Amino acid sequence: MDFDTIAAISTAPGEAGIGIIRISGKNAIDVGDKIFKNKKQFSLKECEERKLNYGYVFNPKDGKKIDEVLMVYIKAPYTYTKEDIVEVNCHGGIIPVRRVLEVVLENGARLAERGEFTKRAFLNGRIDLSQAEAVMDLISAKTDTSFDVSLNQLEGSISNEVKKLRNVLLGMLAHVEASIDFPEDDVEDLTYNSLQEQGNFVLGKIGKLLDTVYTGKILREGLRTVILGKPNVGKSSLLNAILRENRAIVTDIPGTTRDIIEEYVNIKGIPLKIVDTAGIRETEDIVEKLGVDRAKEFLNQADLVIAVFDTSEELSKEDYDIINLIKDKKAIVLLNKSDLPSRIDEEDIKKHLPDKRIINTSISKNEGIDKLEEILEDMFLSSEVKISDNTIVTNVRHRDQLLKAKDNIEDALQSLDLSMPLDCIEVDIKNCWENLGEITGDTVGEDIIDKIFSEFCIGK
Ligand SMILES: Nc1nc2c(ncn2[C@@H]2O[C@H](COP(=O)(O)OP(=O)(O)OP(=O)(O)O)[C@@H](O)[C@H]2O)c(=O)[nH]1
Ligand SMILES: [Mg+2]
């Protein structure tokens, strides 16, 4: 496509060794040519393509030097955007990059919108929409695992699956068309059977992709983990032990933590968004009461609860309240202060929470934390989904499209079961084909494209 010329600062703002200004579009090389001279007074076009050229950027209006730079131009189509591209490596730091950008904008480029370079890569057909989305995920990845999954997606893991399914659906549509155009009774039976077989194949594959959504969500957003327990059992001590820093205040006064404390931590590749809460108890103290309410709110949104009990004391009413609160939750139970004589019968807890993993810990002696981390890994990775050999759906938009596609193919299969007329079935198959096409961007509207790229950062 024939677009105008855009430019933006592609490196993060702040002081750094170098800063990069990127220019893309049909006049990119002209713009670069106007503002660059190398040491022998050659302009950019007189220099070799695809080579970093040492020289300086100047203002053509008054000839004043702006910064010493390395500059390169690369001709379309073998570039990120499939357009002519110029990149200026100037000194990092707010002033040099801003001054270079200003002179670029004065000489024929316009400031790029968020994600506009990647949007052009998509519109010019170098990558599809799911790959463009992967670019953003790569940049914002918080753990190695989520980075790896995004890299797979950029290399086409989702695109390939979706393309295969759309091909099957297209075959089904062709079959339906042919049967409508040339109706013969014996062929019709065959048509129904073969459509059913292929429809089930598509449904199965969509189901497999949807199975990965939970893992994908955790990789993307982090496992929301709430530490819960009555006051003084060692919740804040646990947070500190996991973070390996003294983040939360720890004292032997019950009711020390009043507000929630939220931190990110990476445990064996699993991103955890971990929350320490105020100890749950009935209290007249207004501030503490608010803290307890917030703890309960967070509990509702949690993917995982770490429930802490103090084994050096007998189970109290508050402990039983906690047990009730976590019964139907994914939870790990810590019996803490195991360095002190025990007054809790583990069997009693097991009786009330038969399906929960229980660990004895002494957080102050740093015992049992490894075990907790192992169990976390185990719980997370023992699910059906193995990250390494699977296409993982991490994107909510993809999930929604898959759910729609699933509904449509299920409708089609049901209609086939009831031997409904083929043109009714055709509509559902076509819808499924379109739902999947929205993932790769083949059938997507402009509004959705704009929305996706507006969430990108400037300069990407
Ligand atoms: N003996 C022993 N003491 C511990 C252990 N873990 C924590 N403590 C102590 O228990 C007390 C309470 O610890 P905190 O981490 O503040 O407990 P909390 O659950 O956050 O308490 P609140 O914020 O009041 O709800 C502190 O004096 C800790 O040093 C342990 O494993 N053994
Ligand atoms: Mg605390």
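This is a predicted model: local features need pLDDT of at least 70, side-chain atom pairs count only at pLDDT 80 or more; totals for chains, interfaces and linings use all residues.
**The packing of H4 and H5**

- Helix H4, which spans residues 129-140, packs against helix H5, residues 144-154, at an angle of about 155°, and their axes lie 8 Å apart.
- Because angles over 145 degrees count as roughly antiparallel, H4 and H5 are roughly antiparallel to each other.
- On the H4 side the contact is made by Ser-130, Gln-131, Glu-133, Ala-134, Val-135, Asp-137 and Leu-138, while H5 contributes Phe-147, Ser-150, Leu-151, Gln-153 and Leu-154.
- Sorted by class, the residues in this contact of H4 with H5 comprise six nonpolar, four polar and two charged ones.

**The buried face of H5**

- The buried residues of H5 are Thr-145, Ser-146, Val-149, Ser-150 and Gln-153, and they line one face of the helix because, seen down its axis, they fall within an arc of 135°.
- These buried residues of H5 pack against H4, helix H6 (157-181), helix H8 (213-221) and helix H14 (396-417).
- Just after H5, Gly-156 adopts a positive phi of about 105°.

**Gly-222**

- Gly-222 is found in the loop between H8 and strand E8, residues 223-228, and it is buried because its relative accessible area of 3% falls under the 20% cut-off.
- Leaving aside residues up to four places away in sequence, Gly-222 touches Lys-217, Pro-271 and Asp-303.
- Between Gly-222 and Ile-253 there are 31 residues of separation in sequence and, from C-alpha to C-alpha, 32 Å in space.

Technical notes: Residues are numbered from 1 along each chain as its sequence is written. Chains are lettered from A and ligands numbered from 1 in the order in which they are written. Side-chain values use heavy atoms; hydrogens and water are left out. Axes are lines fitted to C-alpha atoms, for helices over the stretch in contact, and angles run from 0 to 180 degrees between N-to-C directions. Helices (H or I, at least four residues) and strands (E, at least two) are DSSP runs, numbered from the N terminus. Angles under 35 degrees count as roughly parallel, over 145 as roughly antiparallel, 65 to 115 as roughly perpendicular and the rest as oblique. Contact means heavy atoms within 4.5 Å. Ala, Val, Leu, Ile, Met, Phe, Trp, Tyr, Cys and Pro count as nonpolar, Asp, Glu, Lys and Arg as charged, and the others, Gly among them, as polar. Buried means under 20% relative accessible area, exposed over 50%, partly exposed in between (1.4 Å probe, protein chains only). The arc is that of the directions from the helix axis to the C-beta atoms.
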